[in-house]
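The reader may wish to keep the model in view while following the text.

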Amino acid sequence: MLHSVLKWLPTWVHERIAHRTGLLKILDNIGWLFFDKILRMGVGLLVGVWVARYLGPEQFGLLSFALAFIGLFGAVATLGLHGIVVRDIVQDQTSGNETLGTAFVLQLLGGLTAYLLVFATISYFRPDDDLTRTIVAILGFTLVLRAGETIKYWFESQVQSKFVVWVENTTFLLIAGIKVAMILTHAPLTAFAWAILAEAALVAASLLVVYSRTSRRLHAWKPGMRRAKTLLRDSWPLILSGMAVMIYMRIDQIMLGQMIGDEAVGIYSAAVRVSEVWYFIPMAITASVFPSILEAKKRSEELYYQRLQKLFDLMAWISVAIALPMTFLSSHLIVILFGQAYEQAGAVLTIHIWAAVFVFLGAASSRWFLAENRQILSMQRSLLGAGMNVGLNILLIPRFGATGAAYATVVSYFFVVLVSDLFKKETRILFNMKSYSLFPFARFLISKR
């Protein structure tokens, strides 16, 4: 992909980067991830909007509620192993087979545990709602299938995300076509839940096949009890941190559903779908540059923090460039996409879009916590954010409804991603770097002293 793009660049740009193989590999990986997410963003938004229009705010709200509810248990399924596995493989390629095999078994057990917890919990909160429990039971099995994501960790560690892109996009387009067919044939809500489960199953199976064809090491995976203990020792703070992150990312939809109703969830989810469609950008960039940042740390602390600062700067500029125009276009965009039934989502989007600034910066800073082996600090601030978001939702949802939930999200993100770093000596450097990115004039003034 990259070679076809390079020929369109100015000659002076091409000459400066053509000999930098590490940079070219990163750019190629980012290119594949962007292609993946842009395709998903376009087709996914189109089909997602069509599904939302077809189902209406109430049924769309129920589906969104079920997905958010299951998301709360995602950290139990993945056991916080993503960044740990990538980090360990980058640092020690020779133990890759043992690491991957152990991670796969751990995530399979974690997924089964998470599925049982999901069904037991929804049965407690909605004992008389058969439809909700059925939807959650279907979608909840995707937690078990997340064990297949272990393959993605390998390709990410090798900066070879193109194989994952091929698999996920082929499956995604197939299921998108099936969803369109279901709309045209007036399929029930449960059919869309089965389609989501089918997509997860196809992706997991296809990744295993592609890995076997490209690396031929699947048979060499050797799970080990000692390795399991090491992985869990490093990842347990990330399990709690991941649960906390999902709480302050998804608890708003769950609390809206429990406190107001599924229609309010549908309105809010329409806004969130547009707001979060941009979140692929920091994930793609940070996933591609993380190995480079780890290599920089081995060479010198100065180079390491220089690269981190550049990453923060990039995240700040991109996120603000997205949030500003969306603030003014939100109401018109919602009506155009979702129709008059979702008109109230425009006000929600105007507020919620600013959470992107802190999501972008948070994605970048999360790599610092992994590189520095500071998972406990990451867990502490995530737990703080979760508690703050729940408290704000309790105060604001009864009074302001869906817009109150949006305010709660932005404020909690702001506090967790930026302000909380100020209170810890270890993370104060992150506060300074992110502040410089958001307010570049401050860096200029300090440099003049």
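In this predicted model, Val105 has a relative accessibility of 35% and therefore counts as partly exposed, since that class lies between the limits of 20% and 50%. Val105 belongs to helix α6, which spans residues 96-125. Together with Leu108, Leu109 and Leu112, Val105 makes up a nonpolar patch on the surface, and the accessible area of these residues together is about 310 Å².

Helix α6 also contains Thr121. Leaving out residues up to four places away in sequence, Thr121 touches Phe69 and Phe73. Thr121 and Phe69 are 52 residues apart along the chain, while their C-alpha atoms are separated by 9.4 Å.

**Overall composition**

The protein has 21 helices and zero strands. Of its 449 residues, 55% count as buried. Its accessible surface comes to about 20300 Å², and carbon and sulfur atoms account for 66% of that area. Among contacts with a separation of 6 or more, 82% are between residues 24 or more positions apart.

The largest nonpolar core has 128 residues, and those that touch the most other members are Phe69, Leu139, Phe155, Leu256, Tyr268, Phe338 and Tyr342. Helix α3, residues 21-71, gives the most to this core, with 13 residues.

Which residues of helix α9 are buried? They are Thr150, Ile151, Tyr153, Trp154, Phe155, Glu156 and Ser157. Because seven of the eight residues of α9 (residues 150-157) are buried, this helix is largely enclosed by the rest of the structure.

Helix α16, residues 345-352, is mostly covered, with six of its eight residues buried. These are Ala345, Gly346, Val348, Leu349, Ile351 and His352. The elements that cover them include α13 (262-275), α15 (301-338), α17 (355-371) and α19 (402-417).

His352 in this helix has a relative accessible area of 2%, so it is buried. Apart from neighbours within four places in sequence, His352 is in contact with Tyr268, Val272, Ser275, Glu276, Tyr279, Ala406, Thr409 and Val410. His352 and Glu276 are 76 residues apart in sequence, and the distance between their C-alpha atoms is 9.0 Å.

**Charged residues**

A search of the whole structure finds six salt bridges. The table presents three of these pairs.

| Pair | Closest N to O distance |
|---|---|
| Arg126 and Asp129 | 3.4 Å |
| Lys434 and Asp421 | 2.5 Å |

Arg126 and Asp129 belong to a network of salt bridges that also includes Asp262. With a relative accessibility of 10%, Arg126 counts as buried, whereas Asp129, at 25%, is partly exposed.

Arg250 is buried with a relative accessible area of 18%, and Glu276 is buried with a value of 17%.

The bridge of Lys434 with Asp421 also connects distant parts of the chain: Lys434 lies in helix α20 (residues 428-438), and Asp421 lies in the loop between α19 and α20, 13 residues apart. Lys434 is buried at 0% relative accessible area, and Asp421 is buried at 1%.

Why does Asp252 have no salt bridge? A salt bridge requires a distance within 4 Å. The nearest side chain of opposite charge to Asp252, that of Arg250, is 5.6 Å away. Asp252 is buried and lies in helix α12, residues 225-259. Not counting residues up to four places away in sequence, Asp252 touches Tyr268, Asn393, Ile397, Ala405 and Thr409.

**Two residues with positive phi**

Most residues other than glycine have a negative phi. Leu79 is not a glycine, yet has a positive phi of about 60°. Leu79 is found in the loop between α4 (74-78) and α5 (82-91). Its relative accessibility of 12% means that Leu79 counts as buried.

His186, likewise not a glycine, has a positive phi of about 60°. His186 is placed in the loop between α10 (162-184) and α11 (189-214). Is His186 buried or exposed? His186 is exposed, because its relative accessible area is 62% and the class begins over 50%.

Methods. Residues numbered from 1 in each chain as written. Predicted model: local features only at pLDDT ≥ 70, side-chain atom pairs only at ≥ 80, totals over all residues. Heavy atoms only, no water. Helix = DSSP H or I, 4+ residues; strand = E, 2+ residues; numbered from the N terminus. Buried < 20%, exposed > 50% of the residue type's maximum accessible area, 1.4 Å probe, protein only. Lys, Arg positive; Asp, Glu negative; His and termini not counted. Contact = heavy atoms within 4.5 Å. Patch = residues over 30% accessible without salt bridge, like charges linked within 9 Å, V, L, I, M, F, W, Y side chains within 5 Å. Areas by Shrake-Rupley, 256 points an atom, 1.4 Å probe, with all protein chains shown as cover. Core = buried A, V, L, I, M, F, W, Y, C linked by side-chain atoms within 4.5 Å.
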